[in-house]
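Please consult the sequence and the structure alongside the text.

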Amino acid sequence: PTELDQSTFQRTPINRIRVFDDQVGELLKEIPEFDDVLAVPSQEDPLRFYPEAEKQYPHKNYYPSENGMRGFVTAATNYIKDRGVEIVKNCKITDLRSSQESVQVDLADSCCQEARQLIWTAGPENLAPMMDSESWDYAHNVPMVLYYFFVPEDSNVNYTYLHDFSPDSHVYRLSAPGFYGNQRNERGQSYICAEVPTTTDSDIWEQPGEYVDTIWKTAVEYDLIQGTDMKGVE
């Protein structure tokens, strides 16, 4: 903890903990002091707790109601293209230089782009070395195995996501993005996800298929999804 940046607290779910049922949580959120620290589901109306959101918080983000993150990417791409923005893909950034007036970005194709501001949305592993930042010393890659289970769209899913920080658990995070993103395939299936941090010399890294049943049982035991067998699950 002594080596963590102060912003870490704000970047994790630790600062928003739900300890009440939804009805009580919604009532308490009417009190400003509680509103900042309580979270309740709002998928049907994402901005209902932010009546002035468009004026005060134009950057407010919420999960797309259709097609998940793919829906967001498609909509965002069309939005910025319609406003004359050029999109360059698959072109590595080789160097960055900044001054009081502008930022210069050198691309692998020998092209140099210059702008007043640079917004970096990728991880710090490529940015920090180019900026000679000491924060690079605190950026560490974490190997992770992801399990996606396709389940019937009418499955009983109890949570959008949950975390387990205990060291003896395989799964760090369970989530149901297919359900809160209203995603389903042509076979009438949605999906849940299990994220398993590990090491590159672990059994689960070498043979992830051998742990499918174990990870599924974890999702059931944690009550993310109801059902004890894997009937209809892929």
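Among contacts in the protein chain between residues at least 6 apart in sequence, what percentage join residues at least 24 apart? The figure is 46%, where a contact means heavy atoms within 4.5 Å. The model is predicted: local features need pLDDT of at least 70, side-chain atom pairs count only at pLDDT 80 or more, and totals for chains, interfaces and linings use all residues. Residues are numbered from 1 along each chain as its sequence is written, and side-chain values use heavy atoms, with hydrogens and water left out.

**Overall composition**

- The protein chain contains 9 helices and 7 strands; helices (H or I, at least four residues) and strands (E, at least two) are DSSP runs, numbered from the N terminus.
- Of its 234 residues, 25% count as buried. Buried means under 20% relative accessible area, exposed over 50%, and partly exposed in between (1.4 Å probe, protein chains only).
- The accessible surface of the chain comes to about 17,500 Å², and 49% of this belongs to carbon and sulfur atoms. Accessible areas come from the Shrake-Rupley method with a 1.4 Å probe, and for residues only the protein chains shown count as cover.

**Helix α9 and the segment after it**

- Helix α9 spans residues 212-221, and its buried residues are I215, W216, T218, A219 and V220.
- The cover over these buried residues includes the strands β4 (144-152), β6 (173-175) and β7 (189-197), together with helix α8 (203-206).
- Just after α9, D223 takes a positive phi of about 65°. D223 is partly exposed, at 33% relative accessibility.
- Most residues other than glycine have a negative phi.

**Aromatic rings**

- The structure holds 5 aromatic pairs. Rings of Phe, Tyr and Trp (its six-membered ring) pair if their centres lie within 6.5 Å; planes under 30 degrees apart count as stacked, over 60 as edge-to-face and the rest as tilted.
- One of the pairs is formed by F150 and Y191, which are tilted, with 6.3 Å centre to centre and 50° between the planes.
- This pair links distant parts of the chain, since F150 belongs to strand β4 and Y191 to strand β7, 41 residues apart.
- F150 is partly exposed at a relative accessible area of 33%, whereas Y191 is buried at 18%.
- Y147, F149 and W216 form one aromatic cluster; W216 is also one of the buried residues of α9.

**Charges over rings**

- The charged end of R83 sits over the ring of Y79, 3.6 Å from its centre. The criterion is NZ of Lys or CZ of Arg within 6 Å of the ring centre and within 35 degrees of the ring normal.
- R173 lies over the face of Y161, at 4.8 Å from the ring centre.

**The loop between α5 and β1**

- V85 lies in the loop between α5 (68-82) and β1 (93-98), and V85 is partly exposed at 43% relative accessibility.
- Y79, I80, V85 and I87 form a nonpolar surface patch with about 330 Å² of accessible area together.
- N90 lies in the loop between α5 and β1 as well. N90 is exposed at 85% relative accessibility and has a positive phi of about 55° although it is not a glycine.

**Helix α2**

- E26 lies in helix α2 (residues 22-28) and counts as partly exposed at 30% relative accessibility.
- The C-alpha atoms of E26 and A39 are separated by 8.5 Å, with the two residues 13 apart along the chain.

Notes: Patch = residues over 30% accessible without salt bridge, like charges linked within 9 Å, V, L, I, M, F, W, Y side chains within 5 Å. Salt bridge = Lys/Arg side-chain N within 4 Å of Asp/Glu carboxyl O.
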